[in-house]
Each structure stands twice: as C-alpha cells, then as structure tokens.
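My notes follow in the order I took them.

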Amino acid sequence: MDIFSNEDTEKYDRADALKVFDETKAGVKGLVDAGVTKIPRIFIRPHDELVEELNSSKVSLQIPIIDLTGSEKGDRRKEIVEQIRVASETWGFFQVINHEIPKSLLDETIDCIRMFHEQESEIKMKFYSRDRMNKVRFDSNLDLYQSRAANWRDTLTLSMFILDDLNPDEVPSICRETMLEYIKHVTKFGGTLLELLSEALGLRPHHLQDLECCHGRTFVCHYYPPCPEPELTLGSSKHTDPSFLTLLLQDNIGGLQVRHHDQWTDVPPLAGGFVVNIGDFLQIVSNDKFKSVDHRVLANHNGPRISMACFFTGVAVPPKIYGPIKELTLQSDGSTPVYQDFLLRTLMCMFMCHTHDGIFGPFTMQRSTSLRF
Ligand code: OGA
Ligand code: NI
C-alpha cells in the first residue's frame, strides 16, 4: 500500500471504525453512556459540507400549520383541502393541529420509545440487526456503511412493507401496548389525510386509498442522544422519504429542518401536532404536482430528542404497478406523464441498494431520476 495515499488509509480506517462501532450493538447512546466528550471521526461531516454550512444563511419562514377542526364536510373542508393543496405544492411539508389522535396517546408513544432505547442494553441488543427483512429491528444508521458520515441517532424500526402485517408478539414488550394502539390510530389518520390529499389533487376522496397508498406502513422510532459537538455532525442527513406520505411525531426538543427556496427552515415542535410530508412516491403519482422535499435533523447539546415517523409506502407483495395518475396527465390540459410506470419493489430496491455516489446523498428524490422520461 502507498503510505502517501492518504485516501486509502482513511478509507481503511473508516471501514474498521464503522465495524467496531456496529459490533458494539449499543448505538450512539452507548457512546454517550461511555462518556465521550468528542465525537468519533465516523460521525464528522465531510469538510465540504461543513464549509457549506458555515456559509449558508438561515431565514425564518414558517411552515404552514393547518387546523383540521371541521374538516369532515362543507365549506370548512374545502378551505382545509385548499390549504393542503398549497402546502403540498409549495413546501411538501405542513403541520396539523386538532386532528383525531388524543394528545395523551402521542405523549405515551414518545415515552414508550424513550423506554425502549433506555432499557437495559442486553435486552435492547437482542433486537440489533442490519437484516432489512427483519420486521422488527434496532440499529444505528440504516446506511452506516454507505453514507459519508454517520448520524448521531439510533432507531427502532417496525416494518410492514413486504406484507402489510405485524405479529404483536414481535413488538418489544416494553412498548408493545402503546405502540400497537398508536399504530391503529395513525393508520386511520393516514387514511383521513389521504382523502384530503386526493381532493387536493382534484380527485375523488378515495382515489389514493384505492391505490393502496396507506398500506405497507413502516415505523421508525428515533432516539437522538445529546451530542457533545453538534456543529460537526447531524442527527439525520439531508434526505427525502421513500413513501407516499409520512406522518411524524416529534417531542419538544426541535432540530428538524426542511429545505425551502434553497434555505433550511426549522420545523418547530408543536404540542399535540403532527408533521405531515409528501414522499417520493406521491410526487411521482401526482406527476410532480406535489413535492417531496429535502429535510434533515440537526444534532443538539440537549437531548435525548425522540421522534417517530410513519411511512405509508404501499406494499411490495403482491406486486403492483404505479405511475402518474391518469386523471392528472390528460393531454388536453397540456400535462403529459413525467415518469414511467414502476413497481414499488423496484423503487424501494433503488432506495435500499443505493450506494453513495459522492454527489448526492443516498436518500434523495434524485434516486427517482431514472424513472423520468
Ligand atoms: C425520517 C425523518 C425526522 C425526525 O425518519 O425520515 O425525516 O424528526 N425523521 O426524526
Ligand atoms: Ni424523513
């Protein structure tokens, strides 16, 4: 090996360091518990990103907050549908308040995620896995071996993507009861939102649900430990979501940001609220009418921060073909399909199997470019 080749040595060391970290099965929380005061190098963002960050300005725009009171019918529903249309076309993100899920259940869900991550490490480690076929798994950084820098975050994932099904006994007992109750509520609420989104696209209320967009849910329960050097790393790198729709529950710490007009904008925690965002698949089936936008989470001295995202992905089995909705691509109004039809499985595989190409982060709408005409 050429000892002057800095790059090779760095690559070798990094691979080794990643493996050592992975094999602890203790995640980032394990590092914090061990008392680290400097973050290990695998978490440090590349130099070009840190420089770009220093030079970026921040604006204080406010992402739309939509009050769902009275959304069942009449003029109030029309008003809400219109607000959702504007938010989905311009921001790809909005927050909702006065929705149908009790606040007490949201608080309990955050608490039970905390309990999972803070339980005895021997029990938690039993769930540690990188096998994406496991429906229930705990890990730190899904893309640990592909990303340019690891994120300051651990995650418990419950996945129903392959078949829309989860055996309750597989859910960790420490959070089982609350989690199952939350899943029930959030699934129903997802259906309600998909009706409003269908109408916002000018379609019949059940259009998106009939495409089975709210089947195949994946829940990611994140734990962002306090970080001793938050300016050097991120809680979650910039990405878009590989879903139709994502519903995000966050606690009161903050750190989530969305990209709007080329600027990072905070998504401030809203007690009892939900963050709703359009995923890549909805951007595609809406023929680019709705936008799946980049977002990320900052690391923070304060913490832990807890959040839970529910991705409505559609199901892989049986295979189903998706593409821009015909009603939205009628030649008569001048719009033609922007994307080719695709199998969800193929798109998900592009997402899962993508290795970093040095230009775009692995999880961005860029991965769908090959579907564009
Ligand atoms: C995600 C995500 C944001 C958060 O899981 O895709 O964007 O606040 N999470 O944890
Ligand atoms: Ni996301």
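Entry one, ligand 1. I count 13 residues around ligand 1, the closest being H222, Y224, H239, R305 and S307; a residue is near if one of its heavy atoms lies within 4 Å.

Before going on, I note the ground rules. This is a predicted model, where local features need pLDDT of at least 70 and side-chain atom pairs count only at pLDDT 80 or more, while totals for chains, interfaces and linings use all residues. Residues are numbered from 1 along each chain as its sequence is written, chains are lettered from A and ligands numbered from 1 in the order in which they are written, and side-chain values use heavy atoms, with hydrogens and water left out.

Next I checked polar contacts (pairs of N or O atoms within 3.5 Å; within protein, one must be able to donate a hydrogen and the other to accept it, and residues adjacent in sequence count only if both atoms are side-chain atoms). H222 puts a polar side-chain atom 2.7 Å from an oxygen atom of ligand 1. For Y224, a side-chain N or O atom is 2.7 Å from a ligand 1 oxygen, and for H239 I read 3.0 Å between a polar side-chain atom and an oxygen of ligand 1. The protein covers 95% of the 290 Å² of accessible area that ligand 1 has on its own (Shrake-Rupley method, 1.4 Å probe).

Which elements give two or more residues to this shell? I find β5 (217–224), β11 and β12 (305–312), strands being DSSP runs of E with at least two residues and helices runs of H or I with at least four, numbered from the N terminus. β12 gives the most, with four residues.

The nickel ion (ligand 2) is coordinated by H239 (NE2), D241 (OD) and H295 (NE2), at 2.1 Å. Donors here are N, O and S atoms within 2.8 Å of the metal (3.2 Å for Na, K and Ca), and water is not among the atoms, so the site may look incomplete. D241 sits in the loop between β6 (234–239) and β7 (245–250) and H295 in strand β11 (residues 295–298), so the pair ties together parts 54 residues apart in sequence. I find both D241 and H295 buried (under 20% relative accessible area; exposed is over 50%, partly exposed in between; 1.4 Å probe, protein chains only).

I located S88 in helix α4 (residues 74–90). S88 counts as buried because its relative accessibility is 0%. Its side chain reaches the backbone oxygen of I84 at 2.7 Å.
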